[in-house]
Amino acid sequence: MIEVIVNKMSSLVNELKESINQDIKDIKEAKHEELLKRNDKKHLLIDEITNLKTELNQELVKKIQQGIDVNIYRKDVDF
């Protein structure tokens, strides 16, 4: 479950990065309407990432309570 959450978070973060890069391009080209069109989507991405972070923390706590060393997930989470 932790791997699934981390993978989904990573995908959403990449999507957010792509949107921000597009924003930079549109700012340089003065395409202000395009910025506004993506704004809601970015907010939704941020909200979903935040919710997944909470879910990830809950899953990690469950693993700790089961006596599992959660450091095995450190590399994936750090990424």
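Is L16 buried or exposed? L16 is buried, because its relative accessible area is 14%, and the cut-off for buried is under 20%. The model is predicted.

**Helix α1**

- Helix α1 spans residues 2-28 and has 27 residues.
- From first C-alpha to last, α1 reaches 39 Å. That is close to the 39 Å expected at 1.5 Å a residue.
- The buried residues of α1 are I2, I5, V6, M9, L12, L16, S19, D23 and D26.
- The cover over these buried residues includes α2 (32-65) and α3 (74-78).

**Packing of α1 on α2**

- Two packed helices are described by the angle between their axes and the distance between the axes.
- For α1 and α2, the angle is about 155° and the axes lie 9 Å apart.
- This angle makes α1 roughly antiparallel to α2, because angles over 145 degrees count as roughly antiparallel.
- Sorted by class, the contact of α1 with α2 holds 16 nonpolar, two polar and 13 charged residues.
- The crossing of α1 past α2 is left-handed.

**L16**

- L16 sits in helix α1.
- Beyond its neighbours within four places in sequence, L16 is in contact with K42, L45, I46 and I49.
- H43 is 27 residues from L16 along the chain. The C-alpha atoms of L16 and H43 are separated by 9.4 Å.

**S19**

- S19 also belongs to helix α1.
- S19 has a relative accessible area of 8%, so this serine counts as buried.
- Leaving out residues up to four places away in sequence, S19 touches R38 and K42.

- Which residue with a positive phi follows α1? A30 does, with phi near 55°.
- A30 has this positive phi of about 55° although it is not a glycine.
- A30 is placed in the loop between α1 and α2.
- At 48% relative accessibility, A30 counts as partly exposed. The reason is that buried means under 20% and exposed means over 50%, with partly exposed in between.

Technical notes. Residues are numbered from 1 along each chain as its sequence is written. This is a predicted model: local features need pLDDT of at least 70, side-chain atom pairs count only at pLDDT 80 or more; totals for chains, interfaces and linings use all residues. Side-chain values use heavy atoms; hydrogens and water are left out. Helices (H or I, at least four residues) and strands (E, at least two) are DSSP runs, numbered from the N terminus. The expected span of a helix is 1.5 Å times one less than its number of residues. Buried means under 20% relative accessible area, exposed over 50%, partly exposed in between (1.4 Å probe, protein chains only). Contact means heavy atoms within 4.5 Å. Axes are lines fitted to C-alpha atoms, for helices over the stretch in contact, and angles run from 0 to 180 degrees between N-to-C directions. Angles under 35 degrees count as roughly parallel, over 145 as roughly antiparallel, 65 to 115 as roughly perpendicular and the rest as oblique. A crossing is left-handed if the near helix is turned anticlockwise from the far one by less than a right angle, and right-handed if clockwise. Ala, Val, Leu, Ile, Met, Phe, Trp, Tyr, Cys and Pro count as nonpolar, Asp, Glu, Lys and Arg as charged, and the others, Gly among them, as polar.
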